[in-house]
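Hi,

Here is the structure I promised to pass on. My notes on it follow below.

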Amino acid sequence: MIDQQSLSDYFAARMGADVRVTRFKRTFPGISRETFLVWTDEGGKEGGYVFRTDALGGPICPVPLEYEYRIIKGLYATAVPVAEPLWFDAAPALTEGRPVMVRRMVDGSNDLPGLYDEGAEAAARRQRVALDHAEKLATLHSLDLEATGFTAFVDMPASAADCARFDFDRWMGIFREVRTDPFPLVTEAAYWLKEHLPTTAPRISLCKGNNGMGEEIWKDDKIVALSDWELAFAGDPAQDWALSQGMLTLGDAETTLRHYEEVAGFRIDRSSLDFYRVWEVWKAVPTLNNGLRPFLSGENPRVPRLNLGFGRVKLFEQLLAMMIGKPIDEAAHIVAEWRKSPYRPENAAN
Amino acid sequence: MMPTTQQMLAAVQLALQEHVAPRIDDQWAQSALRSVDVILNHLQARVPVEGPMLHEDSCELAALLASAQTRLSHDEPALNAFLSEAPALLDGYARVDALQALNHKGREAVDALLHHCHARKGDTAADAVHADLHAWLLKHADRESGFFFPTYVGRPV
């Protein structure tokens with residue numbers, strides 16, 4: 001457990017002896033990684049920081065924290081809004097060797113109170129929020145990955161046409177490496193999906209991975225920082241829309257997508273979007289199942305790991321069983337119905 | 001008469017719901033209690049039927065995999081491991097944990113055979129075995145559906 005004095009000593013060692021932690025708070029839910037909001041006194045001025053470290057036994061998402069840090073660092077120099085990255089520490093004593101990254105706290109919230117209120121005014125507000133998110137995604141997806149340095153450390157598909165195949169191969173490798181069960185039905189679902197991989201994409205974009213409600217920092221209904229980059233990847237921008245947690249149902253989906261397309265200057269293929277909606281269900285199995293490994297080894301024997309890494313994974317397996325062999329648009333419709341739950345499965349790995 | 005495991009789990013759940021949940025306003029504590037509630041629901045669905053389910057499922061798998069081995073003339077270590085162990089275990093009374101371990105081995109064999117069948121796609125024998133394996137996969141998912149659905153639907157943490 002991290003205590004205030006140890007945290008204060010750590011910040012003073014990194015930032016200078018006049019820095020003292022006055023209070024800190026762990027954010028909820030944060031099961032994959034632990035995130036703390038930290039407030040400091042710096043010679044009479046208050047500072048605010050976000051301290052993030054792996055959970056005991058490792059994160060749920062099978063991606064190193066340093067990767068997320070490098071993504072944020074690369075983005076900070078661009079027009080994409082992110083919190084200022086301050087440092088990455090590979091194995092500090094404070095966390096008993098778990099990696100740490102620290103960002104400057106952004107003035108805003110991941111919650112938008114009243115967003116789901118009844119009435120025309122609230123509905124218009126929801127559409128505005130969806131359009132703002134679309135603009136931010138368009139900015140991200142339009143980045144030149146070579147010029148911004150991402151090609152140096154982000155796995156790159158050979159071509160835009162190869163995006164889906166590349167992501168499929170990457171995640172099949174992760175699945176084989178991390179699974180705690182044979183999951184033959186998930187293997188069979190992979191063969192089914194492999195037959196339907198999209199073969200076109202408008203471009204290779206840096207995609208955020210999980211994005212939308214619950215993932216970003218908002219102020220006055222605008223995104224001031226895109227947050228949580230652990231699942232960032234290079235691929236088809238349509239895939240990010242499949243992971244846009246509630247943003248396409250916030251307003252009118254076509255209005256939102258058309259606005260995105262106008263800002264981005266390229267089109268999202270709706271059939272690719274359908275495919276990625278189903279593919280993301282498949283990907284949730286290795287992503288969440290990875291979190292069960294420290295539970296089984298005894299490193300992190302806590303109930304959220306059990307529920308996400310086992311129960312939730314088996315639920316996704318049930319969902320795949322419902323879809324396997326169906327036309328992709330029909331399968332995507334099943335996922336869309338499923339996503340109507342206010343507690344969407346993609347939120348599970350926060 | 002002894003209370004059943006289901007009744008005892010339900011009593012634990014009721015105690016938490018009636019006396020603990022209303023007194024908790026911390027987000028982490030509420031989340032922990034939700035997780036415990038889900039696990040208790042899962043156990044109430046799973047404990048009474050898991051043994052018979054695994055026995056039935058593994059018996060079917062033993063017949064399916066023995067037939068697949070003959071039809072494919074394929075030497076697969078995971079398949080051999082399952083088929084050498086299954087008859088003795090399934091013949092008499094078996095502990096649930098032993099049935100779980102056997103079923104796990106059987107599903108490893110299914111996984112290996114799926115890859116084999118897909119690699120031989122178009123071959124009549126491989127396609128026929130694949131169709132049988134596919135049908136069994138859906139049946140297996142249906143057999144354990146009640147352990148996870150709707151138990152794990154809803155807020156994940």
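Two strands count as paired if DSSP finds at least two bridges between them. Helices (H or I, at least four residues) and strands (E, at least two) are DSSP runs, numbered from the N terminus. This is a predicted model, where local features need pLDDT of at least 70 and side-chain atom pairs count only at pLDDT 80 or more, while totals for chains, interfaces and linings use all residues. Residues are numbered from 1 along each chain as its sequence is written, and chains are lettered from A and ligands numbered from 1 in the order in which they are written.

In chain A, five strands form an open sheet with antiparallel pairing, in the order β1-β2-β3-β5-β4. β1 (19–26) and β4 (85–89) of chain A stand at the edges with a single partner strand each, so one side of each has no neighbour in the sheet. From one strand to the next, the twist averages 25 degrees (axes are lines fitted to C-alpha atoms, for helices over the stretch in contact, and angles run from 0 to 180 degrees between N-to-C directions).

Seven bridges join β1(A) to β2 (residues 33–42) of chain A in the antiparallel sense; R26(A) has F36(A) in β2(A) as its bridge partner. Helix α1 (residues 4–15) of chain A lies across β1, β2 and β4 of chain A, at about 130 degrees to β1(A).

As for the two chains, 26 residues of chain A are in contact with 29 residues of chain B (C-beta atoms, placed from the backbone, within 7 Å). On the side of chain A that touches chain B, α11(A) gives the largest share, twelve residues.

Best wishes
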